[in-house]
Amino acid sequence: MPNANLTFSPFTTTVPGYPRVATGRVYKTLLEHFWNHRISVDDFQTGINDLVQERLQVQLSNQLDHIPVGDFSLYDHVLDTAIQFGCIPERFDHFKRGTALELYFAMARGKDGVPPLEMTKWFDTNYHYLVPEIPSAFYLHEAKALDQYQFAKEIIGERAKPVLLGPFSFLKLARLSDQDLVDRLQELVPLYCQVIQSLVEAGASYIQLDEPSLVTDISETESVAFQTAYHQIGKVTPVIIQTYFGDIARHYNWLKELPIGGLGVDFVRGKAANLTAIQSGFPSDKILVAGVVDGRNIWRSDLNETQALVKELAQYVSLERIVLSSSCSLLHLPETVSSEDKLPADVKSALCFAQERLGELRLLSNALQKGNDSVSEDWNLATKAFQAWQENQSRFIPDVQQRVESITDKDTSRLAYAQRRPFQDQALNLPPLPTTTIGSFPQTPELRKARTQRESSPEFYEQAIKNEIQKVVALQEDIGLDVLVHGEPERNDMVQFFGDQMQGFTTTEEGWVQSYGSRCVRPPIIYGDVARLQPMTVKELAYAQSLTQKPMKGMLTGPITILQWSFVREDIARSQVAYQIAIAIRGEVHDLEEAGLKIIQIDEAAFREGLPLRKGDWQAYSDWAIKAFRLATSGAKPTTQIHTHMCYSEFEDMIEAIAAMDADVISIEDARSDGALLETLKEFQYPLQIGPGVYDIHSPNVPTVEFIENKLQATLKRLSLNQVWVNPDCGLKTRKYEEMIPSLKNLVEAAKRVRACQKA
C-alpha cells in the first residue's frame with residue numbers, strides 16, 4: 001500500500017484551504033470583467049492562472065509546509081466536484097457544445113432562460129454552495145484535480161497537497177436520502193479512486209479528502225457506507241480525511257480503524273470532545289492534522305494555551321505525526337490585517353486574518369520544535385498583544401449589560417397576530433396578493449461613486465442619495481408595485497451599514513470574504529458592547545415615504561443576521577451579543593414608527609444558518625435567537641406590520657421556529673427549491689402571511705409572466721389567498737436595471753392575472 005507510513009518532520013504545518021479573493025478583490029474583478037465581456041477568454045484564463053500562482057506563493061512565503069491545491073474555484077468547489085464527476089443536468093446539455101467555461105457558468109448562474117443549480121449555505125457559514133443534481137450515472141467529465149495539482153507542483157513543488165471534497169460529503173450536500181446515498185456512493189467511489197490514482201502517479205503523497213458531514217447527524221446506514229467507501233479508497237492510497245466545524249467523537253472508534261493516512265480534526269469548535277477522543281488512543285500509523293488555530297474568526301490565538309494543547313496531543317501522537325493546522329479552510333477569513341490603516345489601534349493589534357493565521361502556525365511550529373528556551377521575539381509580541389486585548393476594559397458598557405439583564409417576557413411579546421391583523425389591514429388597505437420587493441435595488445457605478453464622496457462632499461452625497469430614492473420610488477409606482485422600498489442607495493451592505501453606526505462595532509477597508517461567486521462581503525467586527533448612538537435609517541426612509549401615498553417599507557437588518565454576518569467577540573455568549581443588537585434595533589423600530597412608516601421589515605436572512613449542525617443542539621439556539629428577534633420587534637404598535645426575510649437555506653425542518661418569530665409577513669427563498677417549502681407550509685398550516693420568492697434574483701434570467709403565474713397558482717394550492725405575498729426571492733442589489741425592470745413588470749402582471757382568476 002503506497003504511503004502507508006506517511007510521516008513528516010515534527011510539527012509541520014498546513015491549512016485545509018486558503019481564500020480565493022486576494023487583496024483588492026482580484027478574484028471578483030476577473031470574474032465580473034469576464035462575465036461582462038470586458039476581457040477575452042484567454043485574458044481571463046491568464047489572469048486566473050496568475051491569481052492561483054499568487055495564492056500559492058503567499059502560502060509558500062509564509063513557510064506553510066503542505067499547501068492546499070484544488071481548493072481554488074472559479075465559483076464554488078462543490079460545483080467543481082459535480083462537473084468533474086459528470087453531475088450535469090440535462091437542461092445544460094446545450095452548453096456542452098460550447099466551451100467548458102460556458103457550461104460551468106451556465107450551471108452556476110443560469111443562461112438563456114435555463115435556471116442554475118439551487119444555491120444554499122455551506123454548513124453554518126455565510127458561504128453559499130451550489131447543490132448538486134445527481135445523474136442516473138456518474139462519469140469522469142474532466143481531469144480538473146490532476147490539472148490543478150500539476151499546475152501547482154510546477155510552482156511549489158512537493159509542498160503541493162491535493163484537496164478534494166470527499167464522496168460522502170458531496171452526496172450529503174446533494175441532499176439524498178439515506179438509501180440513495182448508500183447506493184450512489186457505491187457507484188461514485190470507483191471514479192474517486194481513478195482520480196486519486198492519477199494524483200498518486202503524478203507524485204502526490206499527501207491527499208486531503210474533505211468530509212465535514214462527519215460532524216453532522218449521520219445515520220448508522222450512512223456510517224457503514226462511509227466505512228465501505230474508504231476501505232475501497234484505501235486500496236489506492238491512504239488519504240487524509242479532513243473534518244471541521246465540530247467534533248467527530250461519536251465516529252472516532254471506527255474512523256481510526258480505516259485504512260487512511262490520517263485524520264484532520266477541529267480543536268477549536270470541537271475541542272473538548274475531540275481531545276477526549278484522541279486521549280482514548282490514536283493509531284501509530286496515522287497522521288493527526290490538528291486544527292488548533294481558528295479558521296472562522298479573526299481574533300488572535302492564545303499561543304500559550306494552544307501550545308499547551310499541542311503538547312497534550314503529543315502525549316498520544318508521535319511528534320512526526322502531528323501536523324499543525326487551522327480548524328477549517330481560511331476561506332472564511334479576510335486576507336491580511338496589514339491592509340487595514342483605519343482600524344482602532346487596540347482592535348487591530350488583537351486581529352488575525354488569513355496571512356496572520358499562517359504566521360501563528362509558523363510561530364507554533366518553531367516554538368514546539370525548538371522548545372521554550374528558544375521562544376522568539378515575534379512570539380513574545382504576539383502573546384503580549386493577546387493579553388493586552390483580554391485586559392482591555394474600554395469595550396464594556398455597564399448600561400448595556402444592565403439592560404440585557406433586565407429583559408422580561410413583556411419585552412418579547414406583542415398582541416396576538418389574529419388580533420393585530422385587522423388593524424393592519426385597515427391601515428394598509430392592500431389588494432390580495434400584494435406585490436413588493438425585498439428591499440435593495442441595483443447598485444450602479446454612479447451610486448457607488450457618490451458614496452465615496454460622503455465625507456469629502458456631504459452636500460453632493462446627500463443630493464445624490466435623494467435623487468436615487470426619487471428615481472426608485474417613481475420606478476416602482478410606474479411598475480405598479482403595491483408596497484414600495486427606498487432601494488437602500490445609502491447602504492454598502494445590509495450588515496456593515498448598521499455596524500458602521502453602532503458602538504461596539506468597527507469595520508475594515510479590505511476585509512473581504514467570499515459569499516458566493518464574485519459576491520464578496522466585509523463582515524463588521526463586534527469587539528465590544530453594542531449600543532445605538534442615534535437613528536440610523538429614519539432620514540432616508542421618511543423622505544422616501546413623503547414621495548408616495550403607497551406604503552413604504554422601513555428596511556432594517558435583524559439581530560441574528562447582524563450577529564451571524566459579523567466577526568463576533570468571544571468573551572461573552574453569542575446570545576448576549578444578540579440581545580444587545582436587538583435592543584438597538586428595537587429603538588430604530590420605534591423611531592421609524594414615529595416618522596410615519598406603517599411597515600417595517602427586519603431581515604433575518606441568516607437565521608437558519610445559525611442553527612447548530614446537530615439537531616440535538618437546535619432547541620437551545622432557537623430559544624435565544626427567537627427571543628432576540630422578538631425583542632427587536634415586540635415594541636411595535638399593533639398597527640405596524642412587521643416583515644422579515646430569509647434566503648437560501650433549508651427551512652422545512654425549522655418551520656415551527658419561523659412561526660414562533662411571530663412576524664406578520666415573511667418573504668422567503670423558494671425560487672430554487674422546487675416547491676418543497678410550500679408543502680411544508682401546507683402540512684404545518686402556517687398561520688401568518690408569507691411571500692415565497694417567485695423568481696431567482698441570483699440569475700440574470702428574466703422570468704416570464706407565465707412562469708410567475710404558474711408559481712403563484714402552485715402556491716395557492718397550498719396556502720390561502722389572504723396569506724400570500726408576491727416578491728422576488730432576495731434583494732436586487734446585484735442585478736442590473738435592464739434585468740430587474742422587466743422581471744418586476746412580469747411579476748406585477750402575473751399577480752394581476754392570478755387575482756382576476758381568483759375573483760372569477
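Which elements do the buried residues of α6 pack against? I will come back to that after the whole chain.

This is a predicted model, where local features need pLDDT of at least 70 and side-chain atom pairs count only at pLDDT 80 or more, while totals for chains, interfaces and linings use all residues. Residues are numbered from 1 along each chain as its sequence is written, and side-chain values use heavy atoms, with hydrogens and water left out.

The chain has 28 helices and 20 strands; these are DSSP runs, H or I of at least four residues for helices and E of at least two for strands, numbered from the N terminus. Its radius of gyration, over C-alpha atoms, is 26 Å, close to the 27 Å that the globule rule (2.2 Å times the number of residues to the power 0.38) gives for 760 residues, so the chain is as compact as a globular protein of that length. The C-alpha trace spans about 75 × 60 × 50 Å along its principal axes. Of the 760 residues, 62% are buried, meaning under 20% relative accessible area with a 1.4 Å probe, protein chains only.

Now to helix α6. It covers residues 144-156, and its 13 residues reach 18 Å from first C-alpha to last, close to the 18 Å expected at 1.5 Å a residue, taken as 1.5 Å times one less than the number of residues. Its buried residues are Lys144, Ala145, Leu146, Tyr149, Ala152 and Ile156. They pack, with contact meaning heavy atoms within 4.5 Å, against α2 (41-61), β2 (67-69), α3 (77-84), α5 (100-109), β5 (160-165) and α8 (178-201). Just after α6, Gly157 has a positive phi of about 65°.

Note on methods: Buried means under 20% relative accessible area, exposed over 50%, partly exposed in between (1.4 Å probe, protein chains only).
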